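Below is a short briefing on one protein structure.

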Amino acid sequence: MAGIYIHIPFCKKLCFYCDFYHVISAGDNSLFIDALLKEILLRKDYLGNETISTIYLGGGTPSVFSIKDLGIILNLINKIFNVAKDCEVTIELNPDDVFPDYLEGLKSHNINRLSLGIQSWRDSDLKMMNRRHDSAQAIKSLNEIINAGFENVTIDLIYGIPGLSLKDWESNLDFSFSFDIEHMSAYHLTIEQGTVFAKMLEKGIISEIDENDSAAQFNLLIEKAEAAGFIQYEISNFGKQGYFSLHNSNYWKQVSYLGLGPSAHSFNGYSRQWNIRDLKGYINSVQSGKNFFESEELDKKTRFNEYIMTSLRTMWGIDLEYVERMFEKEGYDYILNLAGKFRKYGLMKLEKNSLVLTNQGKMISDNIISEFIMTDEE
Ligand SMILES: C[S@@+](CC[C@H](N)C(=O)[O-])C[C@H]1O[C@@H](n2cnc3c(N)ncnc32)[C@H](O)[C@@H]1O
Ligand code: SF4
């Protein structure tokens, strides 16, 4: 079992918070597509003979691509790799790219999971974030997706954004759960260096949300999602039973994946690779046979840290049996010793043979995770 991630690095407009690698789309994608097809061929052996159980088209904005272009990419993947019949195939969509014909086209290529970037239902937030769509378009596109009969639909929301009160967030959540969706990713805004928001913050045009307000919005999210029948299987991810993202869950379970396109990451159990974050450089290097990625062999400490960082964010937590098997007594004792104080303060609990964060612990998950990270001195 393995996954494939394809990074489509084009956007029509720059969202002020976004740090994902993207360029403003110039309309002609042919040079990129040629390079991507070549990369698929170059890296066909990366996953050995593993069956592909998930494919994820992310970005950037994959929905700026025509159905024909998506088909060219997916057809080659299906030809080169051993893709499972029931493969989960996800695409990220921006609301203003959604039309009934487009949705039919997605179906014709067996794309069976749609991820719609709503971010907020409030026009003032969408404007402030410089989104392309407005709330009317978001409502229309989500209805069209549901009416088209897609069974696995997820939306993205952002909270903790400047000016969003608890009441506003509550109505965003209530409105989201009034649709027949199976999954939701809700991210707390991170003000990333180099983004327009970072500049606006520096100039005092926006300010960061108060910590107590952040915590209240996070708590409300957990409460409302649970009441609507969603399970929080990862800090930012909520799904109905049977609809957790298989692709992302596999990342967190250390399953191998191949990342294609500029900035995409790959993992094969013992090393990580990341493609260069530069569209022209990527195209030129792939086409001229130059190196287009960097890689790192993962030593035991790095693997341990990665396991902690991902597992502790999920409902499955740190599996102590896995830790003992992979990191021996040293790793096992290290974790149990550290967990003591967090358990004492009700931030962590032992469930069966796993250590998981409590709701209180989830609020400060980054701090807790950082305490578990092994440094060179350990
Ligand atoms: C690859 S991005 C965008 C996908 C798609 N192009 C869109 O805009 O809807 C995936 C998601 O990450 C979230 N995201 C991106 N930057 C973020 C930030 N700085 N803070 C919080 N969430 C962010 C957004 O919810 C976004 O939909
Ligand atoms: S949030 Fe999506 S549409 Fe906006 S810049 Fe980022 S990748 Fe592009």
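Arg122 is partly exposed, at 22% relative accessibility; buried means under 20% relative accessible area, exposed over 50%, and partly exposed in between (1.4 Å probe, protein chains only). The model is predicted: local features need pLDDT of at least 70, side-chain atom pairs count only at pLDDT 80 or more, and totals for chains, interfaces and linings use all residues. Residues are numbered from 1 along each chain as its sequence is written, chains are lettered from A and ligands numbered from 1 in the order in which they are written, and side-chain values use heavy atoms, with hydrogens and water left out.

**Salt bridges**

- The structure holds 19 salt bridges, a salt bridge being a side-chain nitrogen of Lys or Arg within 4 Å of a carboxyl oxygen of Asp or Glu.
- Arg122 pairs with Asp168 in one of these, and their closest N and O atoms are 3.2 Å apart.
- This pair links distant parts of the chain, 46 residues apart: Asp168 is in helix α6 (residues 166–177) and Arg122 in the loop between β6 (113–119) and α4 (123–128). Helices (H or I, at least four residues) and strands (E, at least two) are DSSP runs, numbered from the N terminus.
- Asp168 is buried, with a relative accessible area of 18%.
- Another salt bridge joins Lys140 to Glu144 (3.3 Å, N to O). Both residues lie in helix α5 (residues 135–147), 4 residues apart, about one turn of the helix.
- Lys140 is partly exposed at 44% relative accessibility, whereas Glu144 is buried at 18%.
- Glu234 and Arg313 also meet through their side chains in a salt bridge (2.8 Å, N to O). They link distant parts of the chain, 79 residues apart, with Glu234 in strand β9 (residues 231–234) and Arg313 in the loop between α11 (300–311) and β15 (318–319).
- Glu234 is buried, at a relative accessible area of 5%, while Arg313 is partly exposed at 26%.
- Lys12, Asp96, Asp97 and Arg132 are joined into one network by salt bridges that share partners.

**Strand β6**

- In β6, 7 of its 7 residues are buried.
- In a regular strand the side chains alternate between the two faces of the sheet.
- Arg113, Ser115, Gly117 and Gln119 lie on one side of β6, Leu114, Leu116 and Ile118 on the other, and all are buried.
- Strand β5 (residues 83–93) runs parallel to β6 and is joined to it by 4 bridges; two strands pair if DSSP finds at least two bridges between them. Thr90 stands opposite Arg113 in β6.
- Strand β7 (residues 152–159) is also parallel to β6, with 6 bridges between them. Here Gly117 stands opposite Asp156 in β7.

**Ligand 2**

- Around ligand 2 are Cys11, Lys13, Cys15, Tyr17, Cys18, His22, Gly60, Thr61, Asn94 and Arg131, where near means that a heavy atom of the residue lies within 4 Å.
- This shell has 4 nonpolar, 4 polar and 2 charged residues. Ala, Val, Leu, Ile, Met, Phe, Trp, Tyr, Cys and Pro count as nonpolar, Asp, Glu, Lys and Arg as charged, and the others, Gly among them, as polar.
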